[in-house]
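This report goes through the helices, ring pairs and nonpolar core of one model. Please look at the sequence and structure first.

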Amino acid sequence: MRTAGRWRVPIEDVPVKLEFLCDLPDYREGEVIRPSGCRMLGAQNLRGTGYVAGDFAWEELTGKLADGTRATVRARFAGLEGYLLSKCVAARTRAATKDYYDLVYVLQHNRAGGPEQAAHRLREGSLASALEPLRATFLEVRARFTRTTDSGPVAYAQQFFAEL
């Protein structure tokens, strides 16, 4: 199934959701951008996702095409630092239930080892210079997780149970 900026495809019989995002200041927030000459691919313009341009990893994906042949593609995926900074901006500005869930989930379940290790990667990583300009964003997101009745924990719980 495909919607603008989001594809759901099976890879090795595992359902995978791919989201194509961009952060272009000359376009409206949420607008679908189609690369020149592309009819089927679109990327949703979301503020803050530009941090991924400074922290990404190349991965190979292998799957079956509609005609049954196998194909392998190489694609860029958000790295931990780029993803966390982008998700903090999204949690502050868009504040969607999924934004809070994704932020907490990735802090808890990341290849670095957990929240403390993720924070260390942010402080010491290639995007460390972006942290101070985002100070107000971090403070606002933290304030939304102060009490169990705040928007952060409530949204996380709602999304968690919706995923079951």
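A residue is called buried when its relative accessible area is under 20%, exposed when it is over 50%, and partly exposed in between, using a 1.4 Å probe and protein chains only. Helices (H or I, at least four residues) and strands (E, at least two) are DSSP runs, numbered from the N terminus. The model is predicted: local features need pLDDT of at least 70, side-chain atom pairs count only at pLDDT 80 or more, and totals for chains, interfaces and linings use all residues. Residues are numbered from 1 along each chain as its sequence is written, and side-chain values use heavy atoms, with hydrogens and water left out.

**Helices α2 and α5**

In α2, the buried residues are D99, Y100, Y101, D102, L103, V104 and V106. Their cover includes α1 (80–93), α4 and α5 (151–163), where contact means heavy atoms within 4.5 Å. The buried residues of α5 are G152, A155, Y156 and Q159. They cover an arc of only 105 degrees around the axis, so they are on the same side of α5; the arc is that of the directions from the helix axis to the C-beta atoms. These buried residues of α5 pack against α2.

The lengths of both helices can be set beside an expected span, which is 1.5 Å times one less than the number of residues.

| Helix | Residues in helix | Expected span | C-alpha span, end to end |
|---|---|---|---|
| α5 | 13 residues | 18 Å | 18 Å |

**Aromatic rings**

Rings of Phe, Tyr and Trp (its six-membered ring) pair if their centres lie within 6.5 Å; planes under 30 degrees apart count as stacked, over 60 as edge-to-face and the rest as tilted. This rule gives 6 aromatic pairs. One of them is Y100 with F145: the ring centres are 5.8 Å apart and the planes are at 75 degrees, so the pair is edge-to-face. Y100 is in helix α2 and F145 in the loop between α4 and α5, so the pair links distant parts of the chain, 45 residues apart. Y100 is buried, at 3% relative accessibility, whereas F145 is partly exposed at 26%.

Y101 and Y156 form a stacked pair, because their ring centres are 5.0 Å apart and their planes are at 20 degrees. Since Y101 lies in α2 and Y156 in α5, this pair ties together parts 55 residues apart in sequence. Both residues are buried. Ring pairs also join Y101, Y105, Y156, F160 and F161 into a cluster.

**Nonpolar core**

A nonpolar core is a set of buried Ala, Val, Leu, Ile, Met, Phe, Trp, Tyr and Cys residues joined through side-chain atoms within 4.5 Å. The largest one has 17 residues, and L80, L84, L85, L103 and L122 have the most contacts inside it. The elements giving two or more residues to this core are α1, α2 and α3 (115–124). Its largest share, 6 residues, comes from α1. Leaving out residues up to four places away in sequence, L122 touches E81, L84, L85, A128 and L131.

**F138 in α4**

F138 is found in helix α4 (residues 135–143). F138 is partly exposed, with a relative accessible area of 26%. Apart from neighbours within four places in sequence, F138 is in contact with L85, C88 and L131. F138 and A91 are 47 residues apart in sequence and 9.7 Å apart in space, C-alpha to C-alpha.
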